[in-house]
Amino acid sequence: MAVLPPSPSAAPRSGLVVLALLLVYVVWGSTYLGIRLALEGGALPLTMVSGGRFIIAGSLMYAVLRWRGSPAPTRRQWRNLAIMGLTMLVLGNGMVVLAERTVSSGLAATAVASVPLWMALFGAMRGQNASRGEWLGIAIGFLGVVWLNAGSSLTASPQGLILLLIAPIGWAFGSIWARGLDLPSPFMTAAGQMLCGGAMLIVLGLLSGERPTTWPSLHGLLAVAYLCMFGSIVAFTAYVWLLHNVRPALVASYAYVNPVIAVILGVIIGNEHFGGRDLLAMAVILAGVVVLTLARTRAK
């Protein structure tokens with residue numbers, strides 16, 4: 001049976017929504033620095049930092065779910081999961097990891113903050129128009145993103161910027177396209193999507209010439225383990241659950257908070273630098289999230 005957006009009577013408890021949002025906000029905000037540390041530790045971008053960790057995380061989740069009695073996805077569901085893996089993990093996550101070879105973790109998270117705009121556009125194409133208040137929150141948040149980008153101390157390369165343009169488009173398209181499809185339970189969806197996307201990423205990495213010659217350093221392996229456990233299993237599962245239980249505009253609000261978390265952690269741990277202009281821009285981003293959340297509450 002297709003997984004459809006819940007009716008008002010079946011809406012999830014607000015406490016669960018808040019918890020899932022916090023996991024996506026904070027944990028995913030930290031994964032940008034985790035990716036940078038993994039790459040600096042010698043982990044290969046596509047075969048290890050992306051593909052390898054998704055295969056491990058997806059396999060663990062799939063095994064636990066099957067052990068607890070969850071049915072395996074049908075052939076049609078596997079097809080849908082494969083397309084989600086291609087759009088959200090290969091085009092989304094994979095391009096971000098490749099970009100972070102030359103782009104700071106804070107700028108990578110900031111570029112991905114365009115996801116809500118793309119989600120609103122793709123959602124409108126499917127008749128899921130955002131309210132005026134939600135559009136206002138999206139506009140305020142995007143204004144903060146532009147401000148953070150313009151003249152900031154974060155650095156970028158032309159190749160990195162192209163990759164960071166592809167990533168949010170792929171992620172947003174996959175997120176909207178998946179709504180209403182014939183999919184298994186949200187947790188099995190996350191596991192199957194990671195298995196499919198991880199396999200594609202490993203194949204892409206091998207085709208692009210990635211070959212492991214030495215083991216990554218200890219901090220590189222620890223960074224990959226963190227990405228696997230918290231970024232893939234915990235936060236990604238929360239994101240998939242949110243996709244099926246709340247409005248797309250609220251789900252996409254994580255993209256406005258992630259840059260704030262990523263920039264702060266980049267400064268504290270990664271020695272990245274930003275000034276007062278960037279702090280004000282991040283405050284505007286958070287204001288957009290507040291407006292978006294309030295608009296969603298009124299609509300409900």
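Hi everyone, let me start with a pair of residues: E40 and R36 sit 4 residues apart in helix α1, so about one helical turn separates them. By helix I mean a DSSP run of H or I of at least four residues, while a strand is a run of E of at least two, and both are numbered from the N terminus. Before going on, a word on the model: this is a predicted one, where local features need pLDDT of at least 70, side-chain atom pairs count only at pLDDT 80 or more, and totals for chains, interfaces and linings use all residues. Residues are numbered from 1 along each chain as its sequence is written, and side-chain values use heavy atoms, with hydrogens and water left out.

Back to our pair. E40 and R36 form a salt bridge, with the closest N and O atoms 2.8 Å apart. The term requires a side-chain nitrogen of Lys or Arg within 4 Å of a carboxyl oxygen of Asp or Glu. The structure holds 1 salt bridge. In general, side chains of opposite charge can pair when their charged atoms come close. Are the two partners buried or exposed? R36 is buried, at 18% relative accessible area, and E40 is partly exposed, at 49%. The cut-offs are under 20% for buried, over 50% for exposed and partly exposed in between, using a 1.4 Å probe and protein chains only.

Now the wider view. The protein chain has 12 helices and 0 strands, and 55% of its 300 residues are buried.

Let's look at two of those helices. Helix α1 covers residues 14–40, and its 27 residues should span 39 Å at 1.5 Å a residue; the end C-alpha atoms are 39 Å apart, which agrees. The expected span is 1.5 Å times one less than the number of residues. α1 has a kink of about 30 degrees centred on Y32. That angle is taken between axes fitted to the seven residues ending there and the seven starting there. After α1 comes G42, whose phi is positive, near 95 degrees. For α3, residues 75–99, the 25 residues should span 36 Å, and the end C-alpha atoms are 34 Å apart, which agrees. α3 bends by about 30 degrees at G85.

The structure holds 1 cavity of 30 Å³ or more. The largest cavity has about 250 Å³ of space. Of its 19 lining residues, the closest to the centre are W28, T31, Y32, N93 and W171.

α1 and α9 (218–243) each give two or more residues to its lining, which includes L16, L23, F187 and W241.

Last stop: M125, in helix α5, residues 115–125. M125 counts as exposed at 61% relative accessibility. Thanks, everyone!

Terms used. 1 Å grid on protein atoms, 1.4 Å probe; cavity = no way out; pocket = protein on both sides within 12 Å on 5 of 7 lines; lining within 4 Å. Points joined across faces, edges and corners; volume = space filled by probe spheres on them.
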